[in-house]
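Please look through the sequence and the structure shown here before reading on. The paragraphs after it move from the whole chain to a single residue.

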Amino acid sequence: MKRILIVLLAVAGPAFADPATIEAVEARQNGDSWRFDVTLSHPDTGWDHYADGWRVLDLSGEVLGTRILHHPHVNEQPFTRSLGGVVIPSGTQQVQIQARDNLEGWAGELVTLDLADPSYAR
């Protein structure tokens with residue numbers, strides 16, 4: 001019985017991992033679109049578990065833009081990556097940013113960003 005419990009705990013281990021966390025966001029309007037600079041932190045361990053993206057959503061959950069991260073950032077924490085060309089529908093006053101990692105998927109925490117004052121820092 002003890003051996004089964006140990007095996008179950010080892011298999012369940014990744015479920016207890018820390019999610020990717022949004023540390024800061026800066027957004028700038030550039031003509032008809034926006035550029036987002038998002039700083040993430042995540043205890044990347046290598047290719048087996050790393051922050052692999054973030055996205056911009058409107059308040060109803062529609063995805064406006066997604067930044068895919070193609071490799072781990074084990075020795076670069078926190079790190080900032082940008083996404084330009086995000087079209088924000090007219091009249092939108094706030095957006096949400098959501099981080100993701102390759103094991104846990106999309107983090108439950110969403111950061112709401114007011115486009116009239118488009119910066120956030122944890």
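What follows is a walk through a predicted model, beginning with the chain as a whole and ending at one aspartate in a strand.

Of the 122 residues of the chain, 39% count as buried, while the accessible surface comes to about 7,200 Å², of which 53% belongs to carbon and sulfur atoms. As for how the chain meets itself, among the contacts between residues at least 6 apart in sequence, 56% join residues that are at least 24 apart.

Four of the strands form an open sheet, in which the order is 5-2-1-8 and the pairing is antiparallel. Its edges are strand 5, covering residues 79–86, and strand 8, covering residues 119–121, each of which pairs on one side only. From one strand to the next, the twist averages 15 degrees. In general, strands of a sheet pair through backbone hydrogen bonds, in either a parallel or an antiparallel sense. Within this sheet, strand 2, made up of residues 33–41, is joined to strand 5 in the antiparallel sense over six bridges.

The largest nonpolar core has 23 residues, and Phe36 and Leu40 are the ones that touch the most other members. The elements that give two or more residues to this core are strand 1 (21–30), strand 2, strand 3 (51–57), strand 5, strand 6 (94–101) and strand 7 (105–114), and the largest share, four residues, comes from strand 2.

Which residue of strand 5 does Asp37 stand opposite? Asp37, which lies in strand 2, stands opposite Ser82 in strand 5. Is Asp37 buried or exposed? Its relative accessible area is 12%, and because buried means under 20%, Asp37 counts as buried.

The side chain of Asp37 makes a polar contact of 3.0 Å with the side chain of Arg28, and another polar contact, of 2.9 Å, joins the side chains of Asp37 and Arg35.

Notes
Residues are numbered from 1 along each chain as its sequence is written. This is a predicted model: local features need pLDDT of at least 70, side-chain atom pairs count only at pLDDT 80 or more; totals for chains, interfaces and linings use all residues. Side-chain values use heavy atoms; hydrogens and water are left out. Two strands pair if DSSP finds at least two bridges between them. Axes are lines fitted to C-alpha atoms, for helices over the stretch in contact, and angles run from 0 to 180 degrees between N-to-C directions. Buried means under 20% relative accessible area, exposed over 50%, partly exposed in between (1.4 Å probe, protein chains only). A polar contact is a pair of N or O atoms within 3.5 Å; within protein, one must be able to donate a hydrogen and the other to accept it, and residues adjacent in sequence count only if both atoms are side-chain atoms. Contact means heavy atoms within 4.5 Å. Accessible areas come from the Shrake-Rupley method with a 1.4 Å probe; for residues, only the protein chains shown count as cover. A nonpolar core is a set of buried Ala, Val, Leu, Ile, Met, Phe, Trp, Tyr and Cys residues joined through side-chain atoms within 4.5 Å.
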